[in-house]
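Try each task before you read its solution.

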Amino acid sequence: MAATMSTVVGLVSSSLSSPKKACLSSGFLKSPVTARNPLRVAQASGGKFTCFERDWLRRDLNVIGFGLIGWLAPSSIPVINGKSLSGLFFDSIGTELSHFPTGPALTSQFWLWLVCWHLGLFICLTFGQIGFKGRTEDYFSK
């Protein structure tokens with residue numbers, strides 16, 4: 001029996017070589033950007049596919065130091081019945097540690113001071129990160 005050469009309908013004109021790169025452009029972009037194959041990008045970084053750059057947090061100890069000082073200063077002003085938020089929080093820690101094996105009750109003022117103090121700290125650190133990194137990377141310049 002002789003082998004005959006036959007073609008599959010629909011594949012005659014198609015090519016199985018690498019597809020052409022699409023050139024995307026927009027009015028918002030300064031230059032056209034080519035679409036990347038995520039598998040090739042993963043192979044370039046040692047086989048790991050990552051969505052973010054490696055140092056996405058861009059951590060800086062200046063932000064942590066200045067943010068902590070920036071929160072301790074205003075939270076130490078005595079405005080709550082002659083006491084400061086930091087003072088009330090630290091006093092409540094001492095009160096709860098006085099009966100150590102037992103944790104704080106749900107009705108304890110400790111929880112209110114804990115949430116308020118840490119919420120203010122994290123807001124201060126977040127705005128500090130935005131402001132410090134925004135200024136060093138020229139986000140705010142025209």
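The exercises below go from model confidence to the helix contacts.

A note on conventions: this is a predicted model, where local features need pLDDT of at least 70, side-chain atom pairs count only at pLDDT 80 or more, and totals for chains, interfaces and linings use all residues. Residues are numbered from 1 along each chain as its sequence is written, and side-chain values use heavy atoms, with hydrogens and water left out.

**Exercise 1.** Find where confidence is lowest and highest in the protein chain.

Solution. Start with pLDDT, the predictor's confidence in each residue, from 0 to 100. The chain has a mean of 77, with 60% of its residues at 70 or more. Next, go by helix (a DSSP run of H or I, at least four residues, numbered from the N terminus). Helix 1 (residues 38-44) is lowest at a mean of 53, and helix 3 is highest at 95.

**Exercise 2.** Work out how helix 3 and helix 4 are oriented to each other.

Solution. First, take the axes, which are lines fitted to C-alpha atoms over the stretch in contact, with angles from 0 to 180 degrees between N-to-C directions. For helix 3 (residues 85-97) and helix 4 (residues 109-136), they come within 9 Å and cross at roughly 135°. Finally, the crossing is left-handed (near helix turned anticlockwise from the far one by less than a right angle).

**Exercise 3.** Do likewise for helix 2 and helix 4.

Solution. Helix 2 (residues 61-75) packs on helix 4 at about 135°, axes 9 Å apart. That makes helix 2 oblique to helix 4. This crossing is right-handed.

Technical notes: Helices (H or I, at least four residues) and strands (E, at least two) are DSSP runs, numbered from the N terminus. Angles under 35 degrees count as roughly parallel, over 145 as roughly antiparallel, 65 to 115 as roughly perpendicular and the rest as oblique.
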